[in-house]
Amino acid sequence: MRVSRRDFLGATGALAVTGSLGAVSAFAQGKDILLGSVLDNSGNLDIYGKPMVMATTLAVEELNAAGGLLGRKIKAIQYDTQSDIALYTKFAQQLARTDKVDVVHGGITSASREAIRQTFKRANTLYFYNVLYEGGVCDRNCVVTGTTPAQAVEPIVDYAMKKWGNKVVVLAADYNYGQITAKWLQYYIKERKGTVASTDFFPLDVADFGSTIAKIQQANPNFVVAALVGGAHMAFFRQWAASGMNKKIPLTSTTFGVGNEHLALSPAEGDGIVIAGNYSQEAQSPANLEFLARWKKRFGDTKIVHEIAVSQYQGIYAWAAAVKKAGSLEREAMLKAVESGISIEGPAGTVTIDPKTHHAALDIHLMEVKNQKLTIINTVKQRPPADTAQYCDLIKNPNDNKQYEVKI
Amino acid sequence: MDYAAVVILEILYMISFIALVSAGLAVVFGMMRVINLAHGEFVMLGGYTTLACQRAGIDLWFSMLVIAPIVVGLVGLIVERLVIRFLYGRMIDTMLATWGLSLLLIGIVTLIFGSSAVNVPTPIPGYQLGAYQMGGYNLFIIGVTIALYIGMWLVLRYTRLGLIARGAMQSADVASSLGYNPRTVYMVTFTIGAALSGFAGGVLAPLTGLLPASGGGYIAQSFIAVITGGSGAVISGTLTSSVLFGTISQIVSFASGPVLGDIVMLALAIVLLRLMPTGISGRFLRNSQ
């Protein structure tokens, strides 16, 4: 018998592989569970996306190292959407129709989420959106583990109005996130008998805020709320500080810090900005310290870890908890498990999925930027997504498929 | 009263901003009829050069005023030698080539500096104007732009170099018959244009911050200003249109918001080009520089 080199290599290779897999042979029982993701790993938004992709890798590797789910191994299929909204639709179709994944964790901007959410709904592919957003998505196929305005905007308004007064100027990014968040801001400010002196919207490429800063001074508010998004809008914080306004009118933001913006500004420029959110790297909880240690071991640099990377990580663990509870990946069983009030302990605290809204109750920190760090002022445990809960009840109306906005 | 002063200063700043980012393009397009779609990236490169120097511990003023124009000028020289010189007179090909170049430059800068926004510290603190707090750096930009345009005018009007450049611009054939190689003139002009763009980028970096893709934000405004200004007179045309657009877009921005400011500016450009297809300078300023 003539043994070709290829046969020989093939046979020994197979031996080597089976040998090395001997320890985890439990995986052999079924095909892999497929976890899809669509995230911007390059381009304009990669400051948000890259750490999310890493968090996905980390979570899947950890779950596999702990024996996988249902005795099966999880395989991550991650597509890079390159900060291009057209690629979201393309890769969403691919995940749902070609790869036939069991779950998708992805989407960053609200525009990208709305571009792909209906695709997954039609294909009955369970979808997790793990980013802070403007709230209101009511869709049984979709689970949200990021914060909503009731969680991360209301605490800012509450704190700032008590501390500084009730006249407010709102600046927001000009797309669905900024528009709807501005409405919630107005709602929370009015609820506390405050006034919104003015609301201005900025397209994402606006980088000159000279006239805006002059107009803010003319309105002379007690404080300013900035719901600005992306690299160009960073210029606002810089120009605000350059004109010396950071010493005169307090500044708060619903988005600052999410993309680690506090590291891009000097301490003199960033100090004093008040924000709220689910995560601060400074949190000294054992869960966070261990998470950062694991991240460091896997990727090295922990400086890039931000709130939505942690949200993505927690979202995957929440999904894993649902899979364990359901005991199957079958759709109805999964939805029932999601609606059973599953709860996990993540790096940023407890994440409890609310059955009615498919949103999450989260621990929320009120924070202040100090010396390029997000210093925690106070923490509210398990703050519910009360905004979305005003409108959305998926137990009563399982067929609801709408994004609700607050009426003012 | 204070507010009026604030508005006027912001208008002056906007005029300076447009004039500053347009200067390099005005030289290249006005003198050579080369449409350089990588103009915005030259500006961006100036900013990143300043950032790199500042990180290396070099004095910020020296970085932005001297090193940034020299580095970007050299990049311009290389680009002219490798790409542009083969494409003179082929407008569409030049556009395609420079567009490709702009993508290349964005890619290279992303590889070196990453794609997240970075920051050059603002070297001048804010100051008090009546009840208002103003950015001191804006005043510096206004001053620098005035100095730059006076300098450009002096060079074009009174130096041998300026005379040759104007001659080559009016009629390349005559200049060449008098012993000046138009190709050399073009090379020098393109290099100077690139250096001016780098200068603008360096000076603006502390105010706008830097992203590899931020060149795109400059190119629309500068093209509108240069084309509307017309190629008949590089300096006065560009200045006139900068004053016009800066004033109007800033007044509209104050009255409503930056979105409407941009829309009005674009609408005005369309109307002006319909009425004056050769630009403002082609219509009114034919005998100036």
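Student: Buried means under 20% relative accessible area, exposed means over 50%, and partly exposed is in between (1.4 Å probe, protein chains only). Where does A:R192 fall?

Tutor: A:R192 is partly exposed, because its relative accessible area is 25%. This is a predicted model, where local features need pLDDT of at least 70, side-chain atom pairs count only at pLDDT 80 or more, and totals for chains, interfaces and linings use all residues. Residues are numbered from 1 along each chain as its sequence is written, chains are lettered from A and ligands numbered from 1 in the order in which they are written, and side-chain values use heavy atoms, with hydrogens and water left out.

Student: What does A:R192 form a salt bridge with?

Tutor: Its partner is A:D158, at 2.9 Å from N to O. A salt bridge here is a side-chain nitrogen of Lys or Arg within 4 Å of a carboxyl oxygen of Asp or Glu. The pair links distant parts of the chain, 34 residues apart: A:D158 is in helix α6 (residues 154–164) of chain A, and A:R192 is in the loop between α7 (176–191) and β8 (195–202) of chain A. Helices (H or I, at least four residues) and strands (E, at least two) are DSSP runs, numbered from the N terminus. A:D158 counts as partly exposed, at 26% relative accessibility.

Student: How many salt bridges are there over all chains?

Tutor: The search of the whole structure gives 19. One of them joins A:R140 and A:E332, with the closest N and O atoms 3.6 Å apart. A:R140 is in the loop between β5 (137–139) and β6 of chain A and A:E332 is in helix α14 (residues 331–338) of chain A, so the pair ties together parts that are 192 residues apart in sequence.

Student: Is A:R140 buried or exposed?

Tutor: Buried, because its relative accessibility is 14%. A:E332 is partly exposed, at 36%.

Student: And in chain B, what does B:E80 pair with?

Tutor: The side chain of B:E80 meets that of B:R81 in a salt bridge, 3.2 Å from N to O. B:E80 is buried, with a relative accessible area of 0%, whereas B:R81 counts as partly exposed at 31%. Back in chain A, salt bridges that share partners join A:R113, A:E114, A:R117, A:K121, A:E134 and A:D139 into one network.

Student: New topic. What is the strand order in the open sheet of chain A?

Tutor: The five strands run β2-β1-β3-β4-β6, with parallel pairing. Two strands pair if DSSP finds at least two bridges between them. The edge strands, each pairing on one side only, are β2 (74–80) and β6 (142–144) of chain A. On average, neighbouring strands of the sheet are turned by 20° against each other, direction ignored.

Student: How many bridges hold β3 and β4 of chain A?

Tutor: Three, in the parallel sense, between β3 (residues 103–105) and β4 (residues 126–129) of chain A. A:H105 has A:F128 in β4(A) as its bridge partner.

Student: Which strands does helix α13 of chain A touch?

Tutor: Helix α13 (residues 307–326) packs on the sheet and touches β1, β2, β3 and β4 of chain A, and its direction makes about 160° with that of β3(A). Axes are lines fitted to C-alpha atoms, for helices over the stretch in contact, and angles run from 0 to 180 degrees between N-to-C directions. Contact means heavy atoms within 4.5 Å.

Student: How many residues of each chain are in the contact between B and A?

Tutor: Chain B gives 33 residues and chain A gives 32. The area buried between them is about 2300 Å², and carbon and sulfur atoms give 53% of that. Buried area is the accessible area (1.4 Å probe) that two parts lose on being put together, summed over both. In chain B, the residues that lose the most area to chain A are B:N119, B:Q133 and B:P258, together 23% of what that side buries.

Student: How many salt bridges cross that interface?

Tutor: Zero, by the rule.

Student: Which residues does B:S253 touch?

Tutor: Leaving aside neighbours within four places in sequence, B:S253 is in contact with A:S211, A:K215, B:P258 and B:G261. B:S253 lies in helix α10 (residues 234–255) of chain B and counts as buried, because its relative accessibility is 7%.
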